[in-house]
Amino acid sequence: MLRLPSMEKAVQLTGLTQPEIVSFVETLGEPAYRGRQLFGALQHRRQRSFDDITDLPKELRTRLNDIARAATLKVESQYLSDDGTRRYLMKTHDSLPVETVFIPEERRDTICFSSQSGCPLQCTFCLTAQLGLLRSLTAGEIVEQIQIALNDAYGTGVKPPRGTNLVAMGAGEPLLNLDQLLQALRVMADPQGMHIVPNRVTVSTAGVVPRILDLAKTSDRPHLAISLAAPTDELRNELMPINKRWPLDDLLGACKVFEKTLKPNERLTFEYVMLDGVNDSDEQARQLANLLNRYTIKSKVNLIPHNPADPLPYQPSSDERVEQFKNILESKGIHTYVRRPRGRDIFAACGQLAARQTTLTNTNLVGAN
Ligand code: SAH
């Protein structure tokens, strides 16, 4: 009887670059071009089963089925928002939740992917925090999230009609999984694969200072966004406990180092979630502007109205409050944008990813596959 290897032993091919796949097939005694073919099938045509890669000899496909995996994530359920946003709730081979959000926009699509299952950080305004850290995702699991979203939106192997931007703003703290994240970005950047280059990718961090400095030294790096949420250490300690480890002075010092690596048109992004009556006063807007101006970093601020979720003790700031906060920042020379929430009705918006499955009405549930 044929015994399949356990998932841990099987090689997860979606997380390998083209040269790595070529070396892998060479260890099987196959010529290099078979590796290039296999890479194209997995990454360009986004095929998720060896059996479907019919341009490979049948014996090779059988062999691959024995020792490797083309797909490990399973979609458990998917939801479609009234605004076109789609949320996928998936499971890893070891049954941990992974969530990905596909956000269609006029000129491009944005895919918001997760870097970890759950999250170890304890930000009080984010629902994902309540899961705790289950584990970091592998490069292959990161790449698969993008493939699943694109295949669902456009069909397997169909070239997306618009550009694809990626944001590492799903569950998890990407800079606590930097090696796997960068490996995934190398795989996806290949012109013979999905060809999504790092310049199309934004990584958001709660402020893991040493890794910000590492990222600054990385060639071909993605863009960086910093989740700020508060203008003072006192409040930030409360909202984002990571601030106790790396307070604002350390964080902005690292941003200053990172700034030296910005390209001419590039800016660092600061994200500021707007919590009614907590961090949204005129005084706090002035404090934020003064803080950023003190460090004179080439940056912009994205104000994100809080996305409420049942157990979270916050409400979103009113539109007028957000507007007034923005005006104060702009009057002090800070470029400020207000982010429109997407997919709130299906728990797909920022800070709402917590593997929710049961609380939705049937109309938004598209069905599992
Ligand atoms: N751990 C990373 C990436 C995930 S969070 C980070 O902290 O940056 C992505 C963004 O969503 C962050 O800017 C965070 O501040 C924001 N966010 C979290 N919970 C939110 C909520 N309930 N409403 C609105 N934005 C939220």
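Visitor: At what angle do helix H4 (residues 139–154) and helix H5 (residues 178–189) pack, and how far apart are their axes?
Guide: This is a predicted model, and in it H4 and H5 pack at an angle of about 50°, with their axes 8 Å apart.

Visitor: What makes H4 oblique to H5?
Guide: Angles under 35 degrees count as roughly parallel, and 65 to 115 as roughly perpendicular. The angle here is about 50°, so H4 is oblique to H5. The crossing of these two helices is right-handed.

Visitor: Which residues of H4 and H5 meet?
Guide: From H4 come Ala139, Ile142, Val143 and Ile146, and they meet Gln180, Leu181, Gln183, Ala184, Val187 and Met188 of H5. By class, this contact has eight nonpolar residues, two polar and no charged.

Visitor: Why are helix H1 (residues 18–27) and H2 called oblique to each other?
Guide: Their packing angle is about 130°, with the axes 8 Å apart. Roughly perpendicular ends at 115 degrees and roughly antiparallel needs over 145, so H1 and H2 are oblique to each other. Their crossing is right-handed.

Visitor: Which residues make the contact of H1 and H2?
Guide: H1 brings Gln18, Ile21, Val22, Val25 and Glu26, while H2 brings Ala32, Arg34, Gly35, Arg36, Leu38, Phe39 and Leu42. They divide into seven nonpolar, two polar and three charged.

Visitor: And what makes H6 and H9 roughly parallel?
Guide: The axes of helix H6 (residues 209–216) and helix H9 (residues 248–259) cross at roughly 0° and come within 9 Å. Since an angle under 35 degrees counts as roughly parallel, H6 and H9 are therefore roughly parallel to each other.

Visitor: What classes of residue are in the contact of H6 with H9?
Guide: Nine are nonpolar, none polar and one charged. Val209, Ile212, Leu213, Leu215 and Ala216 come from H6, and Asp250, Leu251, Ala254, Val257 and Phe258 from H9.

Visitor: How much space lies in the second largest pocket, and which residues are closest to its centre?
Guide: About 330 Å³ lies there. Of its 17 lining residues, Lys159, Pro160, Met194, His195 and Ile196 are the closest to the centre. Helix H2 (32–44) and E9 each supply at least two residues of the lining, which by class has six nonpolar, seven polar and four charged residues.

Visitor: How do you know that the second largest cavity is a cavity, not a pocket?
Guide: In a cavity the 1.4 Å probe fits but cannot get out, whereas a pocket is an open set.

Methods. Residues are numbered from 1 along each chain as its sequence is written. This is a predicted model: local features need pLDDT of at least 70, side-chain atom pairs count only at pLDDT 80 or more; totals for chains, interfaces and linings use all residues. Side-chain values use heavy atoms; hydrogens and water are left out. On a 1 Å grid over the protein atoms alone, a cavity is a set of points where a 1.4 Å probe fits but cannot get out, and a pocket is an open set with protein on both sides within 12 Å along at least five of seven lines; lining residues have an atom within 4 Å of a point. Grid points are joined across faces, edges and corners, and a volume is the space filled by probe spheres set on the points. Helices (H or I, at least four residues) and strands (E, at least two) are DSSP runs, numbered from the N terminus. Ala, Val, Leu, Ile, Met, Phe, Trp, Tyr, Cys and Pro count as nonpolar, Asp, Glu, Lys and Arg as charged, and the others, Gly among them, as polar. Axes are lines fitted to C-alpha atoms, for helices over the stretch in contact, and angles run from 0 to 180 degrees between N-to-C directions. A crossing is left-handed if the near helix is turned anticlockwise from the far one by less than a right angle, and right-handed if clockwise. Contact means heavy atoms within 4.5 Å.
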